[in-house]
Amino acid sequence: MIRLSVNGTMRELDVDPEMPLLWALRDVLGLTGTKYGCGQALCGACTVHLDGEVVRSCVTPVARAAGKSVTTIEGLYDHPLQRAWCDMAVPQCGFCQSGQIMTAAALLAQNPKPRDQDIDQSLAGNLCRCGTYLHIRAAVKRAAGMPEE
Amino acid sequence: MAITRREFVGGLFLSFAAGRVFADEPPGAKPKTSDPASTAGLQPNVFVHVASDGQVTIVCARSEMGQGVRSTIPALMADELGADPSRVRIEQADGDKRYGDQNTDGSSSIRNAYDDLRRAAATARVMLVAAAAQRWKVSPGSLEAHDHAVWNGRRSLTFGELADAAGKLPVPKAEDVKLRPRKEMAHVYQPLPLVDGPAIVTGAAKFGADVRLDGMLIAVIARPPVAGGKVVSFDARRALAVPGVKRVIAMPEPKAPFAFQPWGGVAVLADNTWAAMRGRSELDVKWDLGANASYDSDSYRRELSASVHAPGKPARNVGDVDAALATAARVVEAEYHVPHLAHVPMEPPAAVARFADGACEVWASTQNPQAARTEIARVLGIPEEKTTCHVTFLGGAFGRKSKADFVSEAAFLAREAGTPVRVQWTREDDLRHDYYNAVNTQLLTAALDGQGKVIAWRQRTAFPPIASTFKAVAGPAEGDLQQGVTDLALAIPNVRAETCDAAAHVRIGWLRSVYNIFHAFAAGSFMDELAHARGLDPREALLEMIGPPRIVTLAELGVSKLPNYGATMEKHPIDTGRLRGVIERATKMSGWGRRGRALGLAAHRSFLTYVAVVVSVVRNGSGKIAVDEAWLAADAGTVVNLERARTQMEGAVIFGMSHAFFGGATMKGGITEQTNFHEYRLVRMPDAPRKIHVDIVESDGPPCGIGEPGVPPVAPAIANAVFALTGQRIRELPLMRAGIV
């Protein structure tokens, strides 16, 4: 039995400890906002926070989250990034955006006024096939209260 | 948490400007307003319903995959109806012929339906006005519908007050329904709010893989690694020993032509995805790889090169190219190559199916729910009426999700297993079993006279056509060749195009802008080569080769007909004035002609839309090529949602950059060599330009395509900019192969 906190609620999971956190969240807990895109930490669609740090849940065994606190997109509440994302119509298909927002949220938590290079570096692991990168950059800056140019 | 998700989403809604359209709950199985059971109020057709309380429901029959169709169509129809957008709900249609063509493909949602969908809404408006006229005993001609009510001067009756009475009136004939003049269409050429934004940013939006049914098993399938391969035998014992694995089921064997058939192989079904994946890796399958196991991209490339160095089958002919080449003062010739390209939508294919009492219900991220139903019915041997297809959000599609193979896999397994099943493709499955964009080689040859004028243009193209996936074919069809071969406007007296042989060894499919990708790459690059050969500015040379503003006739093109993306030549002629117009706008924006930057230009008409792209390239800190800025001008006729048109074009620049820099699926022994994103690379944020400037021409012309036409000019513009910077001519994609990115 693996005990962990997910979005502020304690959970007990009776699963293979090697099961990636991604599938525990999606298949067992029904939190489908976290997405599967590659299974090898190459695309960032599965990004969640583990004790506040960004992890790729597709390669994180659920056992590694035991006793820790997991935050998924469903656990962000009225985050400035979510507002900026909507106001600036960032998403196209939307599939990668949970991961983009979770990565950006961790960036802003550590670096409230990121430079362009910081944003690029932080989000380099999050692919978007629709090509929303410029909108993402601008929305991160807006959420950080910085000029978008 | 005390505040519920719904209230939170509501809060986000309130943060928008007034006048937005509310999104429905994500697509699902709940009863539809458009079902015959709920007939109260006004419902003149399957697209519009006005309830007795004034709630307006608009059905979106096309799939949402980022192009914003759910934000655009309802706003357009609300305008035509005179509805208050905040009182409009959107309902996602299931696959059903009563909606007409639902295939979300070919950049067609607005251009094909613009008049019809407006008429569907206008019909409801005319009936509401007629009901008000009866109530007031006045002529309907003196009444107006706006702000969710019908007005007679200052008197008004709300849509809700009129809906029941209007619903009892006869539905007027189409010819008696007048559309609003453009000036009354407040949402046309406007940036519209993104209705699904709140659902996406909270993780609530349901994609294909997000649908969960009671008792559902997850299936991961070991498919034949080569097109046409077969299972000889398999041993499932170790797979079945993996905790969580419930069943191992042999898939039906596909027979050529493959079309949308399930791909065969062996499915492992488990109570979670991880167990299904582990179970698959424990399967012991013996494959017969079949005839395509000899397919090798490098040797095939040599075959295509040999193919275009011999005369092919004529596709267009004007004047006498051979005579012009024989007497030319100078001949310029270049061979171009673009490999197979993969779709790699961020969401790998996924579908959920349930089978009970001889009927099958599926939930799928499909671009074409009607085709999915047809294929499910075929695979299960049941009538199409016994199938239902709900459309979820699509996590990227780009043409991949028009193909129903993954949907019918789920349907087959749901019946065999006797439980609901989700089929989950892994990224490796997606890359290995794609319907790849065709691989292509072209030879372009031009004759220059003594003054350096281009007097002849010969284009030979060799690619395995999409039709090879569906039937035995001899070569490309007219619809294939109109994508940058037979439709190229050239003010050159002698022009000939030929198609050369190219056999298919994988499933060929359509990828966002399709054959235009490689035809525009070759033609756009060659025009730049000719400019440099002549010592001319590429922009001036391009405008000279396009020639003066004119409507280009079939005779000038040297063809007897042109499919023209399903549109008539009268409504959507090839207009060089519009092509010149976007070239002038894009180059002006970019500061073309000023020194100090390495710029490349290309322009292309596809899906009836004219697009010109200028890119600037630089060397980055490590000496590699980077695109630092891009300018795109598009003339797509009437554009409804300016914001989504711009973002589709911005996305097209990134999409085209991915092809140009990294694109290419290659095969060895018939097996695709790229397995995941480390091998099939895409542009990432640090690779993206600092700025992409998009200029959408304001026009009253008939609407043209938006989703695809931004892509084709991007790769040649990049290659031309690379030449401007380095003097190195790129004739083969991706640039990665030349080691410069």
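Me: Helix axes are lines fitted to C-alpha atoms over the stretch in contact, and angles run from 0 to 180 degrees between N-to-C directions. At what angle do helix H3 and helix H4 of chain B pack?

Reply: This model is predicted: local features need pLDDT of at least 70, side-chain atom pairs count only at pLDDT 80 or more, and totals for chains, interfaces and linings use all residues. Residues are numbered from 1 along each chain as its sequence is written, while chains are lettered from A and ligands numbered from 1 in the order in which they are written. Helices (H or I, at least four residues) and strands (E, at least two) are DSSP runs, numbered from the N terminus. Helix H3 (residues 109–136) and helix H4 (residues 159–167) of chain B have axes 8 Å apart, and the angle is about 90°.

Me: Are H3(B) and H4(B) roughly parallel or roughly perpendicular?

Reply: Angles under 35 degrees count as roughly parallel, over 145 as roughly antiparallel, 65 to 115 as roughly perpendicular and the rest as oblique. The angle here is about 90°. H3(B) and H4(B) are therefore roughly perpendicular.

Me: Which residues of H4(B) meet H3(B)?

Reply: Two residues are in contact if their C-beta atoms, placed from the backbone, lie within 7 Å. H3(B) brings Met127(B), Leu128(B), Ala130(B), Ala131(B) and Ala132(B). Across from them, H4(B) brings Phe159(B), Leu162(B), Ala165(B) and Ala166(B).

Me: How many residues in the contact of H3(B) with H4(B) are nonpolar?

Reply: Ala, Val, Leu, Ile, Met, Phe, Trp, Tyr, Cys and Pro count as nonpolar, Asp, Glu, Lys and Arg as charged, and the others, Gly among them, as polar. The contact of H3(B) with H4(B) has no polar and no charged residues. The number of nonpolar residues is nine.

Me: What radius of gyration does chain B have?

Reply: The radius of gyration is taken over C-alpha atoms, and the globule rule is 2.2 Å times the number of residues to the power 0.38. For 741 residues, a compact globule would come near 27 Å. Chain B agrees with that, at 27 Å.

Me: How many strands does chain B have?

Reply: The C-alpha trace of chain B spans about 80 × 75 × 50 Å along its principal axes. Among its contacts between residues at least 6 apart in sequence, 80% join residues at least 24 apart. Its secondary structure comes to 19 helices, and the strands number 28.

Me: Which domain of chain B has the bounds 297–342 + 435–738?

Reply: Domain bounds come from an automatic or database domain assignment. Domain 1 takes 5–201, and domain 2 takes 208–290 + 349–424. The bounds asked about belong to domain 3.

Me: How far apart are the C-alpha centres of domain 2 and domain 3 of chain B, and how many residues does domain 3 give to their contact?

Reply: The two centres lie 37 Å apart. Domain 2 gives eleven residues to the contact, and domain 3 gives 13.

Me: Which helix gives the largest share of the side of chain B that touches chain A?

Reply: The contact takes 51 residues from chain B and 48 from chain A. On the chain B side, the elements giving two or more residues are helix H1 (5–14), helix H5 (197–201), helix H7 (273–281) and helix H18 (642–662). The largest share is seven residues, from H18(B).

Me: Is Thr426(B) buried or exposed?

Reply: Thr426(B) sits in the loop between strand E17 (421–424) and helix H12 (427–432) of chain B. Beyond its neighbours within four places in sequence, it contacts Gly39(A), Val220(B), Met277(B) and Pro348(B). A residue is buried if 20 or more other C-beta atoms, placed from the backbone, lie within 10 Å of its own, exposed if 12 or fewer, and partly exposed in between. Thr426(B) has 22 within 10 Å, so the residue is buried.

Me: What share of chain A is buried?

Reply: Chain A has five helices and five strands, in the order β-β-α-β-β-β-α-α-α-α from the N terminus. Its C-alpha trace spans about 50 × 25 × 25 Å along the principal axes. Of its 149 residues, the buried share is 60%.

Me: Which strand gives the most to the side of domain 1 of chain A that touches domain 2 of chain A?

Reply: Chain A is assigned domain 1 (2–73) and domain 2 (80–143). There, 15 residues of domain 1 contact twelve residues of domain 2. Strand E3 (47–50) and strand E4 (53–56) of chain A each give two or more residues to the domain 1 side. The most, three residues, comes from E3(A).
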